[in-house]
Amino acid sequence: MSSSPRPGLERKIGPLQATAINMTQMCGIGPFVTIPAMVATLGGPQAMFGWLIGAVIALADGLIWAELGAALPGAGGTYVYLREAFGVRTGRLMPFLFAWSAVLFIPLIMSTGIIGLVQYLGYLIPGVADDGGTTGLGKIIGLGVIALIVLALFRKIGEIGKLTTVLFAIMLFAVLSVIVAAFTHFDGAQAFAFTPGAFSFGGGAFWAGLGAGLIIAIYDYLGYNTSAYLGGEVRDPGRTLPRSIIFSILGIMSLYFLLQLGVLGSIPLEELKTATSVASTVLEQAWGTGTAKVITVFIVIAAVGSVFAGLLGGSRVPFEAARDKVFLPVFAKLHPKLNLPTAGVLTMGAIAAIGSLFTLTAVINAAVTVLVLVQSLAQVAAIVVLRRRRPELRRPYRQWLYPIPTIIALLGWVYIYFSATLLSIGLSVGWIVLGVAAFLAYAKAEHVWPFGPKGIQESFAGAEEGNGK
């Protein structure tokens with residue numbers, strides 16, 4: 001039985017567009033608003049190593065996504081991988097829990113882009129943001145931006161791919177402008193003035209803050225998997241998905257390191273720790289207020305592009321689940337003319353709007369902890385299970401040096417999860433418990449496992465299906 005891709009979604013996204021979608025989602029407003037927090041958390045310029053460690057975890061995890069995405073290219077990404085890996089034993093439980101949680105954590109992560117966007121608007125429009133965060137006016141503007149993004153998503157996937165490529169170019173221009181501006185008055189001694197004793201085991205500032213710092217770093221890297229969510233709309237996914245994931249991680253890692261290094265060498269440490277629009281400050285020091293305001297507009301547009309790309313990919317998760325009758329039927333319906341999952345786009349837009357009303361750090365912690373439990377750790381298990389149970393599955397890409405990257409990803413995600421706040425950990429566990437209760441109620445009503453047959457069949461059994469063509 002073959003169920004993915006099914007009629008409806010069109011394979012219109014090529015390699016360049018897939019990579020652009022990933023990088024646009026990864027580098028929206030994240031590094032522009034989290035550099036001060038990262039420096040404060042890790043106690044000084046040694047924060048640059050926190051980003052490098054985060055890149056290692058992201059790359060190891062990306063290699064998991066690359067193998068699973070190439071072998072199982074369907075809309076929804078993780079939903080498909082968990083269905084194929086665990087459906088035979090636990091029926092619809094694991095894919096249900098992922099869909100249940102993804103509808104929460106994906107738009108929450110996108111809402112952080114809106115929060116950061118409004119902070120930078122504060123540099124352009126007085127009264128939008130202050131030292132305490134966004135003001136009432138800022139929150140209203142944020143809600144309006146989300147509404148515009150949702151409206152922009154109502155177009156055919158071919159048009160969206162072209163639009164995302166334009167947004168990617170804008171993002172690249174904004175980041176490179178800040179990097180160049182920073183290095184025009186770069187002080188190497190300042191950038192590498194590591195805090196004395198920072199790396200001492202047992203009391204160094206770096207090790208004490210590494211866990212919290214990695215939550216920030218991995219948040220900034222999130223998005224390298226967006227093309228995998230669009231697996232049912234990617235051309236030649238066996239080649240395109242692994243390349244788009246790996247190239248986007250390496251590209252963004254390079255940009256982040258240069259950006260972090262440049263900022264550390266151009267803004268005094270104490271000023272940097274409390275900065276609210278650090279990129280605008282760098283630009284103003286180098287080229288004056290006028291140029292800084294113009295490029296800040298591009299930074300804001302880059303943030304819009306990140307949220308746009310994230311909601312684009314995320315909206316496909318409940319769509320695939322609903323087609324399998326694992327989620328509410330309304331999510332399975334496509335727009336009659338545009339071939340897009342209407343309910344997914346609207347629901348995730350609404351949740352992103354709610355998330356934008358909270359503080360940046362609270363939303364990051366809540367979103368990352370839920371993501372680690374139901375996606376990152378679950379996919380570590382999925383790649384191992386599929387390697388052992390389904391060796392015949394066609395794998396256009398096989399993880400390099402397996403299982404070393406898988407082990408690195410596992411250790412990294414566990415460390416990140418237990419470095420989160422106790423409140424975030426408690427909320428993530430509570431959300432999963434609620435999800436299990438909701439699944440049991442659903443399973444009993446539908447008479448599926450554990451109250452009936454498992455109701456899921458492996459969909460990618462043959463070589464041609466595994467290649468996603």
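**Aromatic rings and inner cavities**

F49, F192, F194, F199, F206 and W207 form one aromatic cluster. The model is predicted, so local features need pLDDT of at least 70 and side-chain atom pairs count only at pLDDT 80 or more, while totals for chains, interfaces and linings use all residues. Residues are numbered from 1 along each chain as its sequence is written, and side-chain values use heavy atoms, with hydrogens and water left out.

Start with the rings. Rings of Phe, Tyr and Trp (its six-membered ring) pair if their centres lie within 6.5 Å; planes under 30 degrees apart are stacked, over 60 edge-to-face, and the rest tilted. The structure holds 21 such aromatic pairs. One of them joins F96 and Y442. Their centres are 5.8 Å apart, and 15 degrees separate the planes, a stacked arrangement. This pair links distant parts of the chain. F96 sits in helix α5, and Y442 in helix α19 (residues 422-446), 346 residues apart. Helices here are DSSP runs (H or I, at least four residues), and strands are runs of E (at least two), numbered from the N terminus.

Are these two residues buried or exposed? F96 is buried, at 6% relative accessible area. Y442 is buried too, at 16%. Buried means under 20% relative accessible area, exposed over 50%, and partly exposed in between (1.4 Å probe, protein chains only). F206 and W207 pair as well, with ring centres 5.0 Å apart. Their planes stand at 80 degrees, so this pair is edge-to-face. F206 is buried at 2% relative accessible area, whereas W207 is partly exposed at 34%.

A charge also meets a ring. R387 lies over the face of Y402, at 4.0 Å from the ring centre. The rule asks for NZ of Lys or CZ of Arg within 6 Å of the ring centre and within 35 degrees of the ring normal.

Now the empty space. Rolling a probe the size of a water molecule over the atoms shows where empty space is left. On a 1 Å grid over the protein atoms alone, a cavity is a set of points where a 1.4 Å probe fits but cannot get out; lining residues have an atom within 4 Å of a point. Grid points are joined across faces, edges and corners, and a volume is the space filled by probe spheres set on the points. The count comes to 4 cavities of 30 Å³ or more.

The largest cavity holds about 120 Å³. It is lined by 14 residues, and Q25, I106, M110, N225 and Y229 are the closest to its centre. Helices α5 (93-124), α10 (226-229), α14 (289-314) and α17 (360-389) each give two or more residues. The largest share, 4 residues, comes from α5. The lining has 7 nonpolar, 7 polar and no charged residues. Ala, Val, Leu, Ile, Met, Phe, Trp, Tyr, Cys and Pro count as nonpolar, Asp, Glu, Lys and Arg as charged, and the others, Gly among them, as polar.

The second largest cavity holds about 100 Å³. Of its 13 lining residues, Q25, M26, T112, Y219 and S306 lie nearest its centre. At least two residues each come from α1 (15-26), α5 and α9 (205-221). Again α5 gives the most, with 4 residues. This lining has 6 nonpolar, 6 polar and 1 charged residues.

Finally, look at A353 in helix α16 (residues 342-355). A353 counts as buried, at 16% relative accessibility. Which residues does A353 contact, leaving aside neighbours within four places in sequence? They are L143 and I146, where contact means heavy atoms within 4.5 Å. A353 and V145 are 9.2 Å apart, C-alpha to C-alpha, yet 208 residues apart in sequence.

Notes:
On a 1 Å grid over the protein atoms alone, a cavity is a set of points where a 1.4 Å probe fits but cannot get out, and a pocket is an open set with protein on both sides within 12 Å along at least five of seven lines; lining residues have an atom within 4 Å of a point.
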